[in-house]
Protein chains: 2
Amino acid sequence: MSTEALFGQVTLIGIGLIGSSIARALKGVKLADRVVAADLSPGVIARVTELGIADEATTDLAAAVRQADLVICCVPVGAMGLVAEVIGPHLKPGCIVSDVGSTKGSIVAQMAPHMPAGVHLIPAHPVAGTEHSGPDSGFAALFQDRWCIITPVPGSDQAAVDKLAAFWQALGSKTEVMAPDHHDLVLAITSHVPHLIAYNIVGTASDLEQVTESEVIKFSAGGFRDFTRIAASDPTMWRDVFLHNKEAVLEVLGRFTEDLIALQRNIRWGQGDQLFDLFTRTRAIRRSIIDQRQDTADPDFGRGRK
Amino acid sequence: MSTEALFGQVTLIGIGLIGSSIARALKGVKLADRVVAADLSPGVIARVTELGIADEATTDLAAAVRQADLVICCVPVGAMGLVAEVIGPHLKPGCIVSDVGSTKGSIVAQMAPHMPAGVHLIPAHPVAGTEHSGPDSGFAALFQDRWCIITPVPGSDQAAVDKLAAFWQALGSKTEVMAPDHHDLVLAITSHVPHLIAYNIVGTASDLEQVTESEVIKFSAGGFRDFTRIAASDPTMWRDVFLHNKEAVLEVLGRFTEDLIALQRNIRWGQGDQLFDLFTRTRAIRRSIIDQRQDTADPDFGRGRK
Ligand SMILES: NC(=O)c1ccc[n+]([C@@H]2O[C@H](COP(=O)([O-])OP(=O)(O)OC[C@H]3O[C@@H](n4cnc5c(N)ncnc54)[C@H](OP(=O)(O)O)[C@@H]3O)[C@@H](O)[C@H]2O)c1
Ligand SMILES: NC(=O)c1ccc[n+]([C@@H]2O[C@H](COP(=O)([O-])OP(=O)(O)OC[C@H]3O[C@@H](n4cnc5c(N)ncnc54)[C@H](OP(=O)(O)O)[C@@H]3O)[C@@H](O)[C@H]2O)c1
């Protein structure tokens with residue numbers, strides 16, 4: 001057993017895209033002496049064992065956390081409360097309990113009541129993902145160059161916050177500390193509402209009577225296909241996100257709709273200058289995202305060049 | 001001079017992303033004995049000459065079309081009428097005049113009045129592109145496996161339509177014939193409204209007071225960045241698209257907004273089942289797009305794996 005590892009035992013609960021990516025990333029760094037994978041589904045545990053991405057894999061959540069120094073819950077947002085309730089009584093003092101959920105205010109509300117004294121609840125959210133799910137879809141480089149937002153609650157132990165930050169940095173992420181409510185607003189605009197409108201446009205397209213589904217598919221290279229990628233994301237995960245970040249999503253959605261109605265009037269009245277101004281303004285943001293390495297500059301995501 | 005080429009002289013007018021991609025693609029196939037590139041901008045013509053992607057490059061549109069058997073106008077939709085007016089008197093009988101504009105009804109309205117008797121106006125739209133523009137951004141493979149929609153008008157010569165279809169097929173495209181109005185509706189849902197809502201969400205994000213631009217950029221990997229790619233597309237081109245496909249865009253936008261308001265109510269009232277149903281339904285469309293090779297199945301467009 002190494003004396004350098006940041007944690008003795010790290011337990012991951014829920015081994016889907018995110019959980020299995022953490023497990024894979026942990027193989028390449030000296031962060032934990034022992035990695036335990038836990039999932040309620042025997043099928044997932046069998047697959048994790050086959051993949052060999054954890055030192056131990058089990059469906060027994062209580063047993064999985066008993067020796068853990070860090071527990072990271074990687075289940076859908078709506079299941080966090082249940083997981084906390086199941087593992088709460090079995091956590092050892094000093095243990096850090098964290099998560100990867102896409103909402104944060106509701107995670108605190110769901111999990112905090114089940115945390116025994118002496119355990120540090122420090123929610124976090126790695127802003128990284130793909131449209132795929134399940135243990136086969138994960139990969140070690142997922143968190144590389146991405147941001148992980150850590151949202152301590154009043155009274156969180158600073159040493160524990162620093163340790164969790166060091167963990168994510170070792171996986172290749174940059175970290176930022178934020179209040180849970182602010183996280184929820186930032187993610188509403190950078191992730192949740194974009195997903196909602198992607199799901200919505202795909203729904204609208206498939207319901208239009210005058211245009212066949214076959215036409216929508218054939219001519220999707222005009223822009224539509226980018227939205228379908230996002231709209232292929234896991235339904236359970238995203239249902240939970242919208243139900244658990246309701247206020248911020250509704251607030252941002254209100255602004256989006258207001259702005260869209262203004263654009264609609266510009267089109268109706270032929271106000272080309274206003275359209276041109278907006279379309280020019282939005283380019284600058286794209287440039288900054290590429291400069292800050294949060295996306296590739298390859299045209300068309302590099303899809304076009306063969 | 002080969003006897004096999006489909007056309008003697010092909011003239012491209014407007015050498016940006018699309019025009020220069022056609023020029024480059026023509027290098028690899030025996031479709032024209034001679035390719036002439038024309039653009040009003042001397043800077044573009046100088047660059048085309050440097051790139052060596054045409055047999056001749058000129059700012060004189062009239063001279064460029066005089067010997068042409070096929071003229072393809074690759075300028076923004078709003079400039080098509082002007083180009084037609086300039087070249088009309090110089091076209092030779094039997095010449096096919098086509099275009100690549102993203103709208104079709106308005107192209108017919110703008111160009112048809114300037115076409116002399118004996119010239120075949122056959123509008124077309126290759127459904128392929130990237131967010132970049134200008135002669136340096138083009139590449140030969142752009143049209144490979146993509147669809148090109150040909151929209152003949154009443155009275156169009158069938159032999160000319162077939163010849164234009166053969167031209168696009170030789171560049172790697174699949175072709176479909178459609179009425180201009182139907183094209184405009186299909187593209188409103190598969191391209192124009194997606195672009196509009198992408199521009200709009202990026203605008204909303206940059207106007208939110210509670211979230212800084214720096215936060216939007218940092219955390220864009222949650223989904224937002226995909227929209228910024230589309231919202232970085234050329235402002236002139238897209239202003240023209242919305243002004244010239246007003247009716248269809250407003251119709252589809254009305255449906256989009258109606259559907260979005262229903263989703264908003266589902267979120268407000270916690271109707272998770274409705275959300276889950278929509279999010280499940282949209283996955284099937286993604287699968288068909290990938291099956292029909294209109295997009296890559298790589299997770300996250302292959303961005304995540306290094
Ligand atoms: N996907 C992304 O892009 C992304 C990005 C950042 C954060 N996140 C967050 O990461 C978390 C996990 O997402 P993921 O993409 O990794 O999802 P995933 O691939 O679907 O994995 C979720 C895992 O949780 C288990 N699970 C589902 N429902 C459960 C329940 N009621 N009780 C206990 N376990 C349950 C699943 O087991 P079964 O397969 O047996 O159901 C699966 O192993 C979510 O909170 C999500 O918000 C996702
Ligand atoms: N980009 C796409 O994804 C895409 C896809 C399918 C179809 N299209 C259609 O293709 C056409 C060209 O788009 P593109 O992406 O190739 O644009 P682009 O790269 O910006 O090139 C447009 C060309 O037209 C010239 N031009 C601009 N305004 C003009 C005017 N008023 N009169 C004469 N020439 C003018 C430009 O010259 P300057 O540089 O000197 O202005 C430039 O050479 C548009 O009709 C567009 O709707 C585009």
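**Two ligands, two chains**

Around ligand 2 there are 26 residues, and those that come nearest are Leu17(B), Asp39(B), Val75(B), Ser102(B) and Gly134(B); a residue is near a molecule if one of its heavy atoms lies within 4 Å of it. Before going on: this is a predicted model, where local features need pLDDT of at least 70, side-chain atom pairs count only at pLDDT 80 or more, and totals for chains, interfaces and linings use all residues. Residues are numbered from 1 along each chain as its sequence is written, chains are lettered from A and ligands numbered from 1 in the order in which they are written, and side-chain values use heavy atoms, with hydrogens and water left out.

Which side chain has an N or O atom 2.4 Å from an oxygen atom of ligand 2? That is the side chain of Asp39(B). The backbone contributes too: an N or O atom of Leu17(B) is 2.7 Å from a ligand 2 oxygen, and a polar backbone atom of Ile18(B) is 2.8 Å from an oxygen of ligand 2. Polar contacts here are pairs of N or O atoms within 3.5 Å. On its own, ligand 2 exposes 890 Å², of which the protein buries 78%; the areas come from the Shrake-Rupley method with a 1.4 Å probe.

Where does the shell come from? In chain B, helix H1 (17–27) and strand E7 (124–127) each supply at least two residues of the shell around ligand 2. Helices (H or I, at least four residues) and strands (E, at least two) are DSSP runs, numbered from the N terminus. By class, this shell has 15 nonpolar, 10 polar and one charged residues, with Asp, Glu, Lys and Arg counted as charged and Gly among the polar ones.

Now ligand 1. The residues that come nearest to ligand 1, out of 26 around it, are Leu17(A), Asp39(A), Val75(A), Ser102(A) and Gly134(A). The side chain of Asp39(A) has an N or O atom 2.5 Å from a ligand 1 oxygen, and a backbone N or O atom of Thr130(A) lies 3.5 Å from an oxygen of ligand 1.

Last, the chains. Chain A is superposed on chain B by a rotation of 180° with 0.0 Å of shift along the axis, RMSD 0.0 Å, so the two copies are related as by a two-fold rotation axis.

Technical notes. Copies are superposed by least squares on the C-alpha atoms of residues with pLDDT of at least 70 in both. A polar contact is a pair of N or O atoms within 3.5 Å; within protein, one must be able to donate a hydrogen and the other to accept it, and residues adjacent in sequence count only if both atoms are side-chain atoms.
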